[in-house]
Amino acid sequence: MGLSEGRIIMSSESKEYQYWSKKADSFDAANTYIVGQNTFEAAQNWLKEQLTIQDNVLEIGCGTGIFSAVIAESVRHLTATDMSEEMLAKTRLRLQKYSNVEVKPADGYQLAHAESTFDVAFMGNVLHIVKEPSTILKESYRTLRKGGRLLAMDYTLAGMTLPTKLAMIIRYVSKLGMPPRDNKSYRSEELAQLLQQAGFTIQDAQTIKRESNVICLNAVKR
């Protein structure tokens, strides 16, 4: 990574980029296997409930678009972004039937969008895998209009029994290999604190518990 104007810029040679780009072809099946179909569907349902047809949405770290289709079906416009062209290629295929979607490369550490552009910013399983989550949160805050919402979902080991944790870790390693060192497993209150430090007010915080746990946060730009 390099520094420019005080912001972190994600290099195409970074370990974050390389790790996830290599997983593009297998990511969808691996994700469902690791977290469980019921967990994944419950997370999709939560996301859909947070959106309205008037929303102009920025998705940061869309990956292969596993949540993007849910957003596209529920909002006025979606800008789905990721730093990995390999992931974006999968997203474009998945979203090609939607006319209200733009899929484009973007560095979440330094977004090209102007201030106060979007009604909603969404990050699905982003904050726990990036080295500088506070920087990405500040960028999402900047691009949201006043009163705009940040929707964040992150899988977590918090609140799971030891056998369930071990089983999930084994499933992860078997499909995706050892995770990057920067990967974390946040507690709900830790994620909420990160959002608050970036200037957001938490409107709703809940943890979905099925085969695995996923933290779901809805926060507002003050």
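Select Arg 94 and Asp 28: their side chains meet in a salt bridge, at 2.8 Å from N to O. A salt bridge here is a side-chain nitrogen of Lys or Arg within 4 Å of a carboxyl oxygen of Asp or Glu. Arg 94 lies in helix 5 (residues 85-95) and Asp 28 in helix 2 (residues 27-35), so the pair ties together parts that are 66 residues apart in sequence. Helices (H or I, at least four residues) and strands (E, at least two) are DSSP runs, numbered from the N terminus.

This is a predicted model, in which local features need pLDDT of at least 70 and side-chain atom pairs count only at pLDDT 80 or more, while totals for chains, interfaces and linings use all residues. Residues are numbered from 1 along each chain as its sequence is written, and side-chain values use heavy atoms, with hydrogens and water left out.

Next, select Arg 76 and Asp 119, which form a salt bridge at 3.7 Å, N to O. Arg 76 sits in the loop between helix 4 (68-72) and strand 4 (77-82), and Asp 119 in strand 6 (residues 118-124), so this pair ties together parts that are 43 residues apart in sequence. Asp 119 counts as buried because its relative accessibility is 14%; buried means under 20% relative accessible area, exposed over 50%, and partly exposed in between (1.4 Å probe, protein chains only).

Move to helix 7, residues 162-176. Select Met 168, Arg 171, Tyr 172 and Leu 176, the buried residues of this helix. Seen down the axis, they fall within an arc of 100 degrees, so they line one face of helix 7; the arc is that of the directions from the helix axis to the C-beta atoms. Leu 162, Pro 163 and Ile 170 are exposed on the other side. Just after the helix, Gly 177 has a positive phi of about 80 degrees.

Finally, select strand 9 (residues 213-221), where nine of the nine residues are buried. Which strands pair with strand 9? Strand 7 (residues 144-156) runs antiparallel to strand 9 and is joined to it by eight bridges. Strand 8 (residues 200-209) also pairs with strand 9 in the antiparallel sense, over nine bridges. Two strands pair if DSSP finds at least two bridges between them. A hairpin of three residues joins strand 8 to strand 9.
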